[in-house]
Amino acid sequence: MIVNAIEVTLHGFLYVQNEFHNNLEKTVNEYMKSKNLDITLKTVFENPDSSSGDPNHVANALEQIILKKDKGYDLYLTDTVYTGRFAQHFEDLNKYVDKKVIDLYKDGTATNTCYVDTKLVGLPLSVDYGGLYSNMSLLNKYNQTIPKTWDELINTTNYIYERESQLDPELHKYLAHFPEYENGLVSLLEFIHSFRDSPNDKFPEYTSDNAVAALEEMKKIKENASTSDDFATNEILMMGALITGKYIFARFWYIGDSLSKEYELSFNQLPGKKEGISASCIGGSNTSMNRYISEERKKAAAEVLNFINSFEQQKKNIITNNFRSAIHSTYSDPEVCQKIDCPKFSSMQGIVRPSSSSVNYEQYSERFRELARKFIFNESNQSAKEILEEIDDIRKIHYVEVNSVASIIILSFTLLTLISLFCSYIYLSIKRFRKQFNFLTYGYWCIFLFGILMALCYCLTGIHKLTDYNCLIRPFLLSIGFSLIYIPFFLKMISIFPSKNGIAKFVKEHFMLVFIVFLIIDVILNITWYLLDPMGVNKFMVTAGKNFQYCSSFSSTGKIMQYIMYGLKLTILVIMCVLVFAEWNLAAFKQDIRSITSTLYINILLIGLFIIVEHINIQNRYLFFGLRSALVLCFCISTLTIIFGSKYYNISIRKENLFSDVSTFKSSSGSINSSHYYNSNFVRSQISQNNTQYSQINNKSGLLSYHYQTGNSAMPMTTAKPTLFSSTINNSYNAKGRTS
């Protein structure tokens, strides 16, 4: 429900301000009053008389106003070229504007300037068409017709100029309207669009033969049917030539029927590569809604948009104000067609500037105009094909192709790792080998392998075209994969700490519960990240190279969540480093402790390198994704190789049987009968030394004292604290070892 007395404000910059804009406020307010809606419209228009008309100045000034957010205006009337640039600040009109009104614009080309992805950030208030003005007095004088192809334009221009220039030396040939600023791009796009093979074809690819031929045709026309000055004519000189009649043909925006009748101008479609093919760049103004205003004001602003963009109001603008509408169906209305030449405007083969889809429209436009000018005016050695390939790089978003060298390398190593994982699972499942994996139970070893598999899948999510889903699961795969790999080791090392304590006891008795709690914390952190600032597809702009997609959060919140995840993982690894030092000489798990230690140091280094790579400005998409994938592959391969590879080496190659059965720790007399299996070299050497020296080592305080404990009952224990593998603790621990 709309609260009474809401004043909706509308700001716009107008290059040409007419009666429609002057009366807009009054027209809307009268309508609102007739509908008993206590809404009023307040318009604030700027024009070249009150502000600089330079496009860059207009864009920067508009940006400053829009960045005021809720302190700015409710509605913005912007040139179509700016709608995409400020899309992130505009509301999706699908949520507020009447669907029937939106549907009116679905068939119009101009509406393409209003969509950014699936978001409707504006509605066209009016449109401008580009076309060919012909000097009918000269065409009639020399019995020539309006050209349908570019070659006809060249021939007709030269035919008339050769004869008329002798009578009028100031006569211009073809005025191409190719200035150094934005309108130069308009002419470029129209030329390329006019080189389609059929009217229903889409805009040619920049690297296509059609586009190359179009750029070469522009150069040909400049050299054969124009001059450097005429080809680069700006708006002021163009209008002067149109009014004085000192031209033959001119590309310009539609300026109304009144001037055409007064000065014998004929506005028609531009020529094309062949007859029936044409092009017209669609300009005009779009109305957008400020996304930062209150819900109440958005509903009021939507009422204004419903009215000014309605069929009836657009029809009235055509008849009364000589506007052109983006509603295609208005050109089949009988009343409208009595006023204007409907077939001419309904058959315009429109093209819009890619301001909403281009990754950096300003850079794209400026660079394209610069390169094309140098080519057309013979100031560059680049060919048309080379120029268009460079422009294609600026305009397009590239990705890591499946058949690229980087992808093949990543996929090859990923496949080899997958095969190794499968073989490791088979090896683990063989009963005669399984009992050698006594550090964890069978189930947790399977979880370890699945964790490596999850982390490995990260490498596949960066190949081919990215989606928001790819970006969403990438941190999830790494985070959960890490937890599945290291949390079981982490908890086991806590539970076997060589000193009785409440934490070790609790973890040992509730191993699965604690493991699940860690996973839940990990999942909660990932969900929180998703809700606050989810990872999504972003565009990496490369100044002199190929732009590409990448995954990132869109605010500082995402970065904070990322660092929290990094901090949590590194904290776990650092604590594990302390634990492996304390448990370094535990004879029963000596091989496992040393293997885990190797993975800890390697993976701390890899995670550190990963964080560093995240902060390096890499402008090559293959390196960008390749380095990240390589580090994750190293993480997976090194962890699997060290943990499982060492087991395989000792069991199957060296034929060692160090841990034939954990039950050998037990003895009926309460002592360890099989202690010779577990005596470390350090223990043996210490036994052979004198008791005084051993006592000094055994009495060291803190972690150092734990570091030298072996968990072996053969060691003198006169002053030592109880250790895990004393006979009493071993009997208790091993009885539960199969279930922990």
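## Overall picture

Of the 740 residues in the protein chain, 53% count as buried, meaning under 20% relative accessible area with a 1.4 Å probe, protein chains only. This is a predicted model, where local features need pLDDT of at least 70, side-chain atom pairs count only at pLDDT 80 or more, and totals for chains, interfaces and linings use all residues. Numbering runs from 1 along each chain as its sequence is written, and side-chain values use heavy atoms, with hydrogens and water left out.

The chain has 30 helices and 13 strands, taken as DSSP runs (H or I, at least four residues; E, at least two) numbered from the N terminus.

## The largest nonpolar core

A nonpolar core here is a set of buried Ala, Val, Leu, Ile, Met, Phe, Trp, Tyr and Cys residues joined through side-chain atoms within 4.5 Å. The largest one holds 83 residues, and Phe439, Trp445 and Phe489 have the most contacts inside it. Elements giving it two or more residues include α18 (405-429), α20 (442-457) and β13 (548-552), while α21 gives the most, with 14.

Leaving aside residues up to four places away in sequence, Trp445 touches Leu428, Phe437, Phe439, Leu440, Phe489, Ile643 and Phe644; contact means heavy atoms within 4.5 Å.

## α18 against α20

These two helices, α18 and α20, pack at about 175 degrees, with axes 11 Å apart. That makes α18 roughly antiparallel to α20, the label for angles over 145 degrees. Axes are lines fitted to C-alpha atoms over the stretch in contact, and angles run from 0 to 180 degrees between N-to-C directions.

Among the residues making the contact are Leu421 and Leu428 of α18 and Trp445 and Leu449 of α20.

Terms used:
Buried means under 20% relative accessible area, exposed over 50%, partly exposed in between (1.4 Å probe, protein chains only). Angles under 35 degrees count as roughly parallel, over 145 as roughly antiparallel, 65 to 115 as roughly perpendicular and the rest as oblique.
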